Amino acid sequence: MALLRISLLKLVRRPASWVVLVILLGLIVLVFLGLAASAGQFGDSGDEFQVRLLLSFPNAYTALVGIILSFGGLLAVTHGAAVIGADWAWGTIRTIVARGESRVRYTIVMFVAIALLLGIGLVIVFVAGAVVAVLAAQVAGI
């Protein structure tokens, strides 16, 4: 349990964890505010209806989940690889094994720590994205 707690603290302190969160939030803000800004720019074409449909209640959250699962999943894989690669390069695994922990246990605990951190990040991004979707709908006049 102490190894899990240490791994979580280590992951929270790493800049890569925060950079991944900011990149995903920035993408969501750009997509939704871009849709909101372009909602009234189409004139009489049917494209305005599609943009307004994307910003309306159930479809906005579906689009948000789609962005989180597609681009967020890619960022999650790169974050996990960066964390494990950095541990290997910094010699953390060698130190943990020399201290008496097994490699398998360390790897499993690190996987659990990364999964917990990504789960917390998923909730944060979804809540922030829902707020952005509501603001974008307000800007678009929906």
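Author: Let's start with helix H2 (residues 15-37) and helix H6 (residues 103-140), whose axes come within 9 Å and cross at roughly 20°. That makes H2 roughly parallel to H6, since angles under 35 degrees count as roughly parallel and those over 145 as roughly antiparallel. Axes here are lines fitted to C-alpha atoms, for helices over the stretch in contact, with angles running from 0 to 180 degrees between N-to-C directions. Helices are DSSP runs (H or I, at least four residues), numbered from the N terminus. The H2 and H6 crossing is right-handed, so the near helix is turned clockwise from the far one by less than a right angle.

Who does the touching? On the H2 side, the contact includes Leu21, Leu25, Val29 and Leu33, and on the H6 side Gly121, Ile124, Ala128 and Val132 are among the residues; contact means heavy atoms within 4.5 Å. By class, this contact has 17 nonpolar, three polar and no charged residues. (Ala, Val, Leu, Ile, Met, Phe, Trp, Tyr, Cys and Pro count as nonpolar, Asp, Glu, Lys and Arg as charged, and the others, Gly among them, as polar.)

A quick word on ground rules: this is a predicted model, where local features need pLDDT of at least 70, side-chain atom pairs count only at pLDDT 80 or more, and totals for chains, interfaces and linings use all residues. Residues are numbered from 1 along each chain as its sequence is written, and side-chain values use heavy atoms, leaving out hydrogens and water.

Now bring in H4. The axes of H2 and H4 come within 10 Å and cross at roughly 150°, so the two helices are roughly antiparallel. This crossing is right-handed too, and its contact includes Val20, Ile23 and Leu27 of H2 with Ala63, Ile67 and Phe71 of H4. It has 15 nonpolar, three polar and no charged residues.

H4 also packs on H6: their axes come within 10 Å and cross at roughly 150°, which makes H4 roughly antiparallel to H6. Among the residues that meet are Tyr61, Val65 and Asp87 in H4 and Tyr106, Met110 and Val134 in H6. Here the classes are 19 nonpolar, three polar and one charged.

Finally, the largest pocket holds about 460 Å³ of space. Of its 21 lining residues, the closest to the centre are Leu21, Leu117, Leu118, Gly121 and Leu122. Helix H1 (2-13), H2, helix H4 (57-90) and H6 each give two or more residues to the lining, which divides into 16 nonpolar, five polar and no charged.

Key
Parallel < 35°, antiparallel > 145°, perpendicular 65-115°, else oblique. 1 Å grid on protein atoms, 1.4 Å probe; cavity = no way out; pocket = protein on both sides within 12 Å on 5 of 7 lines; lining within 4 Å. Points joined across faces, edges and corners; volume = space filled by probe spheres on them.
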